[in-house]
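Subject: Structure for your review

Dear colleague,

Please find below the structure that I am handing over to you. My notes on what was found in it follow directly after.

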Amino acid sequence: NIKTIKTIIFATLFGVAGSANIFAAETKSAKISHYGLPPENLVIANLENLPEVLAAKQDLEAAKQQAKQLRYGEYEFEVGYTVTKNRSRTTPSERSKDYETALSRTFRFPGKYFADKKIGNSLVEYAQIAYGDALHESARLFLNLWFSWQRDYAAVDALQKQVNLYEQQYQHFQKRHKIGDVANIEVIQTQSALKQAQALLFQAQTKFNSTNEILRHKFPNIK
């Protein structure tokens, strides 16, 4: 059923998140909380609001209604009545009408009932699989985006620290060069390393901004 499908999907998601937490703790490149997933209820709410998941859920509800119609069919009791004029009268002024009521129900053979029920169950089962598949694919998309976001964030953080370090070294060597304590070549080499690190940082920031935009657009309620 749907509850089981969700349990399997999110157990997988949070299991992968646990592995990422171990990686973060070992590398110490970021806080463990950065590499975990958002709260489970928030992830579920975002996944269930995706257009493709909503469409699959609507199809499931429609399949359930169709299965219900097949199970009960158009075999309900119907009440009807007819009105007929009574031709037997004693005088011309006398008029009378006869009313007839009837209770009827269309008959369905037992074999037809079980066949219809089986068809209905198959429709629901297929729709449940489609809904579960939509959730699964959406969960995979979220997982890929989330950890891409985490990797890009860590790359920007590491490169920013490297740029800061080179900037400090460059300023330090400039001051020492002015007093003749450091050769000009060391200043040039430090400046070159700084520019290279800044270029890498710019690339990493561009990639991070792109991933961040996709993540926020697809899953707007996840902060």
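From the N terminus on, the elements of the chain follow the order α-α-α-α-β-β-α-α. That makes 6 helices and 2 strands, where helices (H or I, at least four residues) and strands (E, at least two) are DSSP runs numbered from the N terminus. The model is a predicted one, in which local features need pLDDT of at least 70 and side-chain atom pairs count only at pLDDT 80 or more, while totals for chains, interfaces and linings use all residues. Residues are numbered from 1 along each chain as its sequence is written, and side-chain values use heavy atoms, with hydrogens and water left out.

The chain as a whole

Of the 223 residues of the chain, 27% are buried; buried means under 20% relative accessible area, exposed means over 50%, and partly exposed lies in between (1.4 Å probe, protein chains only). The accessible surface of the chain is about 15700 Å², and carbon and sulfur atoms hold 55% of this area. Such areas come from the Shrake-Rupley method with a 1.4 Å probe, and for residues only the protein chains shown count as cover. Among contacts (heavy atoms within 4.5 Å) with a separation of 6 or more, 75% join residues 24 or more positions apart.

The nonpolar core

A nonpolar core is a set of buried Ala, Val, Leu, Ile, Met, Phe, Trp, Tyr and Cys residues joined through side-chain atoms within 4.5 Å. The largest one has 36 residues, of which Leu47, Val53, Tyr131, Phe142, Trp146, Leu215 and Phe219 touch the most other members. At least two residues of this core come from each of helix 3 (40-48), helix 4, helix 5 and helix 6. Helix 5 gives the most, with 17 residues.

Tyr126 and Ala63 lie 63 residues apart in sequence, and their C-alpha atoms are 8.8 Å apart in space.

Helix 6 (residues 184-218) has 35 residues and spans 51 Å from its first C-alpha to its last, close to the 51 Å expected at 1.5 Å a residue. That expected span is 1.5 Å times one less than the number of residues. Among the buried residues of helix 6 are Val187, Leu194, Leu201, Phe208 and Leu215.

Salt bridges

Side chains of opposite charge can pair when their charged atoms come close. The structure holds 6 salt bridges, each a side-chain nitrogen of Lys or Arg within 4 Å of a carboxyl oxygen of Asp or Glu.

- Lys218 pairs with Glu52, with the closest N and O atoms 3.6 Å apart. This pair links distant parts of the chain, as Lys218 is in helix 6 and Glu52 in helix 4 (residues 51-72), 166 residues apart. Lys218 is partly exposed at 28% relative accessibility, and Glu52 is partly exposed at 35%.
- Arg140 pairs with Glu137, the closest N and O atoms being 3.7 Å apart. These two are separated by about one helical turn because they are 3 residues apart in helix 5. Arg140 is partly exposed at 45% relative accessibility, and Glu137 is partly exposed at 38%.
- Asp181 and Arg176 meet through their side chains at 3.0 Å, N to O. Asp181 is partly exposed at 46% relative accessibility, as is Arg176 at 27%.

With kind regards
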